[in-house]
Amino acid sequence: MFSLFTRLIAPTLKYDPAPMISLSDWRTATKDLRFPATLKQTADDFIVEEIPAYEPSGEGEHLFLWIEKRDLSAERLLDHVSRSLDIDRSYVGMAGMKDRHAVTRQYLSVPAVCQKEIARIESDLVKVLRHAKHQNKLKTGHLLGNRFEIVLRTQHPGAIENALQIATFVATEGVPNYYGDQRFGVDHETLQLGYDLLTGQISFRKIPFSRRKFLMRLALSSLQSDLFNAVLFQRIQDGLLQTALDGDVMQKRDTGGMFTDENLDLLTRRFESGEIVPTGPMFGPKMMEPKSVALQREQQVLDERGISRERFSDFHKLTSGTRRALIIWPEDLIIAAHEDVVKFTFNLPTGSYATIVLDEFALIGM
């Protein structure tokens with residue numbers, strides 16, 4: 001992929017990704033509690049398992065494969081499965097892309113006619129743990145979230161005590177729902193391609209047809225993600241992450257439903273009670289728009305980067321638009337220690353990054 005991006009990207013304007021500030025960088029109660037640690041010394045240090053939106057029914061024209069992959073990127077996994085079964089990559093369904101340097105367990109779907117050939121998928125890096133038929137192909141987003149088991153290695157003598165103290169603040173105030181750096185590609189080349197496509201510096205026709213849809217979706221969603229990060233950064237920098245703003249699009253934490261309300265006092269009370277959370281933009285023509293102050297702040301992010309809202313409509317099938325919670329709360333968080341290891345176990349909603357949660361606890365060197 002790197003060589004392809006290198007050939008494609010010859011920008012006239014270099015896109016600078018949004019900076020990130022963790023809560024602990026300005027939340028004085030935890031700033032000095034973060035401890036030095038290393039992550040992903042081995043693939044087994046980072047285990048992620050999908051929480052499916054549903055289980056396969058046992059009947060249908062598609063075959064769901066519950067697979068385990070080790071130290072393998074999502075794109076290489078799709079290539080491996082399609083080659084092993086001698087089918088086009090478009091026939092392989094995936095609910096979510098998972099980390100490369102990790103052990104991951106997730107569903108894929110393939111045509112049910114491939115059932116007799118699934119043993120060909122097995123390799124040192126990929127195992128098929130079980131399979132069952134279903135009526136529909138697995139599509140992006142068909143999952144509730146992910147369960148993580150992550151090991152941080154550290155020599156810090158007070159690591160576990162510090163982590164438990166930080167956890168009390170995380171449980172109350174949550175964590176900024178940033179997109180992690182892996183979203184943007186090596187040297188941010190995926191992000192740069194998204195910016196070049198959206199601003200017309202590069203034509204999508206320059207991307208080889210066989211990979212055009214995949215790379216365009218990846219690159220444009222990378223740009224959407226960075227714009228979300230920019231709005232989130234601005235909010236943290238201005239001390240407004242824990243504040244409901246006039247015009248905010250709010251999300252109900254129990255159902256995910258989104259709404260706006262002119263009664264700012266009521267929104268503030270519901271936010272403080274943990275019932276709702278403010279959202280940020282994933283720009284696109286179907287995105288629910290904020291109002292007033294919140295709208296002005298989001299528009300400022302676009303203006304500073306020279307991006308027009310209308311351009312997202314030109315790629316409406318790939319950038320339809322939505323909203324994303326600005327704050328997440330890790331569920332079922334368990335922290336344990338043994339010798340020089342601190343182990344974190346928790347659940348996150350789909351699309352949220354475990355590395356962002358860990359950044360609240362440790363100064364991580366990969």
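Analyst: The side chains of Arg 297 and Asp 238 form a salt bridge, 2.8 Å from N to O. This is a predicted model, where local features need pLDDT of at least 70, side-chain atom pairs count only at pLDDT 80 or more, and totals for chains, interfaces and linings use all residues. Residues are numbered from 1 along each chain as its sequence is written, and side-chain values use heavy atoms, leaving out hydrogens and water.

User: Is Arg 297 buried or exposed, and what makes it so?

Analyst: Buried means under 20% relative accessible area, exposed over 50%, and partly exposed in between (1.4 Å probe, protein chains only). Arg 297 has 16%, so it counts as buried. Asp 238, at 41%, is partly exposed.

User: What makes Arg 34 and Asp 359 a salt bridge?

Analyst: Their closest N and O atoms are 2.8 Å apart, so the pair meets the cut-off. Arg 34 is buried at 12%, whereas Asp 359 is partly exposed at 27%.

User: And how do you know which class Asp 44 and Arg 70 fall into?

Analyst: Asp 44 has 41% relative accessibility, so it is partly exposed. Arg 70, with 29%, is partly exposed too. The two form a salt bridge, with the closest N and O atoms 3.0 Å apart.

Note on methods:
A salt bridge is a side-chain nitrogen of Lys or Arg within 4 Å of a carboxyl oxygen of Asp or Glu.
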